[in-house]
Amino acid sequence: MDFLTSLTAKMPTFLASAAGEASEASLFEKFGVNWPKFLAQVLLFLIVYMILSKFAFKPIMVILEERKQRIAESEENLKKIAAELEAADLKRGEIISEANSRAERLVTEARESAESVAEKKRAEATSEAALIIAKAREAGELEKNQAMAELKRDFGRLVVDTTGKVTGKVLSDDDQETINREISAQISL
Amino acid sequence: MIQGGLDALILEGLNPMPLLGKVSLFAEPFAEAKIFGWLTNSVFVAAFIALLLLWAARKATRNAQRVPTGFQNFFELIVEFLYSQVEQIVGQKLAPRVFPLLATIFIYVAVANWFGLLPGIGTIGFGSEPTKAFLTLSAHDHHVVPLLRPPTADLNLTLGMAAVFMLIWVYLTVRETGVIGFIKHTFGPKGGIKGALGMVLVPIFMFVGVIEIISIALRPVSLSLRLFGNVFAGENLMHVMSGLGDKAGAVVSFLISVLLPLPTFFLELLVGGLQAMVFALLCAVYIQLSTTHEEEEDH
């Protein structure tokens, strides 16, 4: 309570003092603004501005710009490389596809050729076998005939010898001939 | 003399502690001689920051490599971030021209704001009555002229920066739209209104133009006072927080002066960056507003 009473009592004095000071000095003066200090600060700010502009921001901006360009170039190159890769992939696909079809064609051709050769060989083998068989048959027949002829001859001789020994007479050539002929006729199968 | 108008705001005798920390409202000169009147603790720190930025710029760009490392990488990160922000606001055409100015404003203000948070800045300085010590720590029962003061807590700097920006703004606006274009842009009918309706609305648009001119004229003041106010308030807050335990004994006072300002410290880190961004972005918006052509706005 005492505090409030004291405050109320002193408030007019305080306000009067503040108003008096405000009228005596301008706002800028009260804040200590004057030309020498102001110009000193302006000069310092301008120096900082010029120094930073020339020695800091300019070189850094140049580096940043260079880097931006390099990044843009790299991106452009990347796009080119991607396009080239895509084209190469496409081409590779085409080549593989072409190679596949060619290989397929070759395999087909080889298969067809092999089949044709096999067929030909088979036919040749068949005809050759047939020929061999025919020749064998002919030879067999010939051998059989020869054997038969030899058999007949031996048998005839045996009969003639036997007949000669049984009858005790020497058979003439005509008799032998006749006996041989009859035996041949009877043995003929 | 040093406390100036600030004392008028303190109701001495009523409050157990000052309403505001005893941070001077303005930067104080090192010497009494009038010829060195400009050399204040704020100008001294601003010059130091200028040198610091020069060193940083040299470090970042000397032997700059295509593949950045270390500080160059960090600097490029800031530059790229700021450039994209500026480009989004002012457009591709103007961005390369205004970027150095806006980036300088941001970096300079941010570094100045955060520099003020370093220990000793605003607290170590020349003592005055009653201690008369040459070098003393800040206390709340006597005044200390700080050796170093955050430059953005000096209206001369914020106003100077805003004034430089406004001069460049005028140059850019006249270059982009021409004097006639600027007058038409400010006082002419907006929103594509033409014909009879446009003629009827001419007085209203003229009035709006006058308000716009007043608003433009007040921009340097609003820009500078916003930044100054925020940083100055932060300084005061830190002083008050650190001085709350001054009368509670050495150990408690020490603990309080370390622990209590800690949350405020982080708040001030945030405010410092935020105010730098606000200042730079507002400048970018002012440029965009005055240099955008009517036909561009329509699209």
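At what angle do helix 3 of chain A and helix 2 of chain B pack, and how far apart are their axes? In this predicted model, the two helices meet at an angle of about 5°, and their axes are 9 Å apart. With angles under 35 degrees counting as roughly parallel, that makes helix 3 of chain A roughly parallel to helix 2 of chain B. On the chain A side, the contact draws on A:K37, A:A40, A:Q41, A:L44, A:I47, A:V48, A:I51, A:L52, A:F55, A:A56, A:P59 and A:I60. Facing them from helix 2 of chain B are B:V43, B:A46, B:A47, B:A50, B:L53, B:L54, B:A57, B:R58, B:A60 and B:T61. Sorted by type, the residues of this contact come out as 18 nonpolar, 2 polar and 2 charged.

Now for chain A as a whole. It has 4 helices and 0 strands, so its elements simply read α-α-α-α from the N terminus on. Of its 189 residues, 8% are buried. A:F31 counts as buried because it has 23 C-beta neighbours inside 10 Å, and the cut-off is 20 or more. Leaving out residues up to four places away in sequence, A:F31 touches B:L25, B:F26 and B:L155.

Taken over both chains, the contact uses 35 residues from chain A and 42 residues from chain B. On the side of chain A that touches chain B, helix 1 (2-24) and helix 3 each supply at least two residues. Helix 3 of chain A gives the most, with 23 residues. This side of chain A splits into 25 nonpolar, 5 polar and 5 charged residues.

Over in chain B, helix 3 covers residues 70-90. Just after helix 3 of chain B comes B:G91, with a positive phi of about 95°.

Helix 8 of chain B also pairs with helix 6 (residues 195-243) of chain B: their axes come within 10 Å and cross at roughly 175°. The two are therefore roughly antiparallel to each other. Helix 6 of chain B contributes B:R219, B:L223, B:L227, B:N230, B:V231, B:G234, B:L237, B:M238, B:M241 and B:S242. From helix 8 of chain B come B:P261, B:T264, B:E268, B:V271, B:Q275, B:F279, B:L282 and B:Y286. By type, the residues of this contact are 11 nonpolar, 5 polar and 2 charged.

Note on methods
Residues numbered from 1 in each chain as written. Chains lettered and ligands numbered in written order. Predicted model: local features only at pLDDT ≥ 70, side-chain atom pairs only at ≥ 80, totals over all residues. Buried ≥ 20, exposed ≤ 12 C-beta atoms within 10 Å, placed from the backbone. Expected span 1.5 Å × (residues − 1). Contact = placed C-beta atoms within 7 Å. Nonpolar A, V, L, I, M, F, W, Y, C, P; charged D, E, K, R; others polar. Axes fitted to C-alpha atoms, helices over the stretch in contact; angles between N-to-C directions. Parallel < 35°, antiparallel > 145°, perpendicular 65-115°, else oblique.
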